[in-house]
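User: I have a model open and would like to understand the labels attached to it. Could you walk me through them?

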Amino acid sequence: MNQPVTLSQVFIFVLLIAVIILIYDLKQTLAQFRKTLAKADEAFDDLRGTLKDARHIVRLLRERAESLSNTVQGFERTAGKLTAVLDQLSDFILKPVMIIGSVVGGIKTALNFFRRKKQGGKNDVEGE
């Protein structure tokens, strides 16, 4: 039993220890990798939830923007109708009133002119 240990037996022993250490490190690395993948899966689930919420928010914003756009278009249509009503009001009420006012003003001016002429004629006769 007192056989001397050969060099090949020492190399096999060192190789066996190295393989055991390598297997242990590989096991530890794979366990850590599995934990990392589990965390990454949780992060991806959170990201999916966030993207779902973002899509919902974008959909709500789109609906609100369309509603606002429809409201603005309604205001534009109302403003156009109001402009048309004011144009008709101007054409059918204000213009005739202005025309009548200018005709009355012209008649008043003409009457004042004839009245001055008539009064002026009396002054000329009386002055002579």
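**Labels and their cut-offs**

Analyst: Happy to! Being 3 residues apart in helix H1 (residues 7–127), Arg48 and Asp45 are separated by about one helical turn. This is a predicted model, where local features need pLDDT of at least 70, side-chain atom pairs count only at pLDDT 80 or more, and totals for chains, interfaces and linings use all residues. Residues are numbered from 1 along each chain as its sequence is written, and side-chain values use heavy atoms, leaving out hydrogens and water.

User: What makes Arg48 and Asp45 a salt bridge?

Analyst: The term asks for a side-chain nitrogen of Lys or Arg within 4 Å of a carboxyl oxygen of Asp or Glu. The closest N and O atoms of Arg48 and Asp45 are 2.4 Å apart, so the pair meets that definition. The structure holds 1 salt bridge.

User: Why is Arg48 called exposed, and what is Asp45 called?

Analyst: Buried means under 20% relative accessible area, exposed over 50%, and partly exposed in between (1.4 Å probe, protein chains only). Arg48 has 51% relative accessibility, so Arg48 counts as exposed. Asp45, with 40%, is therefore partly exposed.

User: How do you know that Phe13 is exposed?

Analyst: Phe13 has a relative accessible area of 52%, so the exposed label applies.

User: How many of the residues count as buried?

Analyst: Of the 128 residues of the protein, 1% do.

How values were computed: Helix = DSSP H or I, 4+ residues; strand = E, 2+ residues; numbered from the N terminus.
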